[in-house]
Amino acid sequence: MTDTPLLEVHDITAGFGAVTVLHGVSFEVPRGSIAGIFGLNGAGKSVTMKCLAGVVPTRSGSVLFDGEDVTRMSPERRVARGMGHVPQGRQVFPDLTVEENLRLGAYTLRRRNRSRYQAALDGVFDRFPVLRDRRTQKAGTMSGGQQASLAVGRALINEPQLILVDEPSAGLSPVATLELDAVLQEVAKTGVTMVLVEQNIAFGLSLVDTAHLMQTGTVVHSGPVAELDDQTLATHLGIGRVLQAAAGSALAARQAPRPKEKARARRTA
Amino acid sequence: MLQVLVLGLMNGGIYAIFALGVVLVYRGTGVLTFAHGEIGTIALYFAYFLVAKVGLPWSIGALGAIALAALLGGAFEFLFVRRMVNADPVSTVVLTVGFGLFLLAAEFFFFGASPRNLEPPTKHYFFVIDNVVVRPWQVAALVLALVLGFGLQSALRRSDFGLGILAAAQDPAAVRLVGVPLSRVTLTVWSVGAGLSGLAALLVEPSVGVIAPGYASELFVIGLAAAVVGGLTSLPGAFVGGVVLGIAQSASSRYLGSFGVSGLQYIVVLTILLVVLLGRAYAPEVRRRLATPHAGAPSTTTAGAAA
Ligand SMILES: Nc1ncnc2c1ncn2[C@@H]1O[C@H](COP(=O)(O)OP(=O)(O)O)[C@@H](O)[C@H]1O
Ligand SMILES: [Mg+2]
């Protein structure tokens with residue numbers, strides 16, 4: 001059971017009205033790994049994530065989560081089953097306080113087992129001390145980086161098995177992106193399985209284990225980051241020299257063995 | 001003067017309860033409802049049916065009326081609003097108008113055009129302030145509107161589901177992604193909003209004593225205006241809007257009544273509505289002009305700021 005992938009996406013198609021956006025997307029995400037979906041603007045990354053969340057209906061194909069077919073399941077039931085979300089644009093509830101945002105994040109956890117909430121809250125506060133300091137502050141009044149921490153904390157507090165993160169760095173300042181990088185590295189350490197969509201390829205590749213490259217609604221390349229090369233990136237993403245150089249350096253860093261991977265290898269052993 | 005105030009407050013409480021229902025539904029689902037007036041009327045007819053025809057006590061009739069109103073609101077959400085999530089909000093608004101007309105037709109069909117009497121629970125309890133007869137249910141309406149207007153929000157914050165209702169008003173899509181069942185939120189909001197309409201209709205009816213088709217809609221329209229005056233998304237604003245319009249109305253009929261123009265009070269309500277809307281539209285511009293004295297030469301100001 002544990003060696004079946006946590007998430008299996010089989011040939012899903014989706015669209016809006018007469019327009020088909022996804023023409024058969026397939027990939028798998030093993031337990032405890034981080035998958036990255038990369039592609040140009042409009043490639044269908046967000047629509048794919050919305051199909052996984054259940055917000056956009058799939059027209060054909062199937063999504064298996066933890067061995068269960070969830071293709072027709074409502075978004076809220078998927079959350080109860082163990083999916084967590086950091087949606088595009090972060091989408092914290094601006095008029096609720098930090099703590100209220102977290103309490104809502106733990107909605108299904110609290111229904112399942114209310115006694116676990118306090119420990120989960122403390123866990124998030126320990127991981128993101130800024131949220132403890134600002135627990136009574138309205139979420140909308142925080143900086144972009146802090147809101148990103150809150151969005152991630154709000155997903156983590158529900159103790160999800162899988163966390164879907166869509167373009168967390170979009171619209172953040174370079175400083176806030178660094179902050180976010182630290183946050184996501186922190187999340188990776190929890191051993192949670194993650195699917196990450198990122199426009200900033202250099203940033204994204206430094207986080208993920210497996211890269212899925214998307215082009216006009218299909219996955220054109222899937223493979224471990226360690227085996228990715230500049231040529232593949234250039235072919236499928238058509239990125240120019242500048243990005244190529246940036247991606248190259250991130251790859252270099254990612255392809256060297258790192259403590260995180262060793263830790264993960266130990267855990268799975 | 002006091003007379004005007006007392007009369008205005010008594011009516012204002014009723015408008016405020018209607019306005020609260022409107023705001024609740026608008027915040028929760030983004031739909032401006034025009035159906036809740038007729039939901040209130042038909043609820044009153046149901047109370048009339050239970051009390052005058054079946055012979056049940058007034059309190060049971062009142063509970064039945066509120067329950068029916070809530071049921072109608074919930075059913076409307078479940079059968080129609082829910083299927084319109086991907087449609088233009090305007091079409092949903094039109095649907096609420098249609099539902100109101102349907103209920104109006106049902107009132108004519110079942111009860112006819114002639115007014116019906118629903119005896120108030122008591123005629124004996126009242127007090128007089130400056131020659132105005134004030135009845136307990138009028139005070140109840142005002143107190144209830146005050147409590148709901150200023151207390152409902154913090155009451156909602158206490159429960160997870162209530163927090164979900166507040167969050168759904170800010171971002172319905174994100175609410176589903178934290179696991180809150182959005183359909184239950186919208187169902188609740190429509191039921192409670194409609195129940196409030198039934199309650200408002202019940203609280204105003206004893207002062208009039210008769211029910212006719214379309215009865216509560218006249219009041220509801222002012223409640224709707226009160227909600228808009230209060231900002232449409234603010235529960236305290238709904239209360240303030242209701243009271244302001246109630247007082248404006250009683251003042252206009254007191255001081256302008258001698259002109260003998262029928263419907264003058266609606267003109268006053270409409271004028272206030274217009275002034276508030278225009279004021280809100282132009283406020284940012286006015287504030288900007290006041291803040292930058294040299295608004296006539298913006299290029300120099302920005303250049304100065306950039307330097
Ligand atoms: N709600 C929608 N209605 C119609 N078309 C949409 C909608 N959302 C996305 N699309 C289209 O689907 C395509 C993929 O979008 P998206 O998945 O958001 O791209 P990205 O890979 O940049 O996240 C785009 O062409 C976009 O215009
Ligand atoms: Mg996107």
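How many salt bridges does the count come to over all chains? By this rule (a side-chain nitrogen of Lys or Arg within 4 Å of a carboxyl oxygen of Asp or Glu), the total is 13 salt bridges.

What you see is a predicted model, in which local features need pLDDT of at least 70 and side-chain atom pairs count only at pLDDT 80 or more, while totals for chains, interfaces and linings use all residues. Residues are numbered from 1 along each chain as its sequence is written, chains are lettered from A and ligands numbered from 1 in the order in which they are written, and side-chain values use heavy atoms, with hydrogens and water left out.

**View 1. The contact between chain A and chain B.** Counting contact as heavy atoms within 4.5 Å, chain A puts in 23 residues and chain B 22 residues. Together the two chains bury about 2000 Å², with 58% of it on carbon and sulfur atoms; buried area here is the accessible area (1.4 Å probe) that two parts lose on being put together, summed over both. On the chain A side, A:Glu76, A:Phe93 and A:Tyr107 lose the most area to chain B, and together they make up 33% of what that side buries.

**View 2. Charged pairs across the two chains.** Side chains of opposite charge can pair when their charged atoms come close. Between chain A and chain B there are five salt bridges. One of them links A:Arg110 to B:Asp160, with the closest N and O atoms 2.6 Å apart. B:Arg176 and A:Glu76 also form a salt bridge, and here the closest N and O atoms are 3.0 Å apart. B:Arg176 sits in helix α7 (residues 172-177) of chain B and A:Glu76 in helix α2 of chain A, so this pair joins two chains. Helices are DSSP runs (H or I, at least four residues), numbered from the N terminus.

**View 3. The shell around ligand 1.** Taking residues with a heavy atom within 4 Å, the shell includes A:Phe16, A:Val21, A:Leu40 and A:Lys45. Helix α1 (residues 45-53) of chain A gives the largest share, three residues. The protein backbone supplies some polar contacts (N or O atoms within 3.5 Å): an oxygen atom of ligand 1 is 2.8 Å from a polar backbone atom of A:Gly42, and one is 2.9 Å from a polar backbone atom of A:Val47. On its own, ligand 1 has 560 Å² of accessible area (Shrake-Rupley method, 1.4 Å probe), and the protein covers 57% of that.

Key
A polar contact is a pair of N or O atoms within 3.5 Å; within protein, one must be able to donate a hydrogen and the other to accept it, and residues adjacent in sequence count only if both atoms are side-chain atoms.
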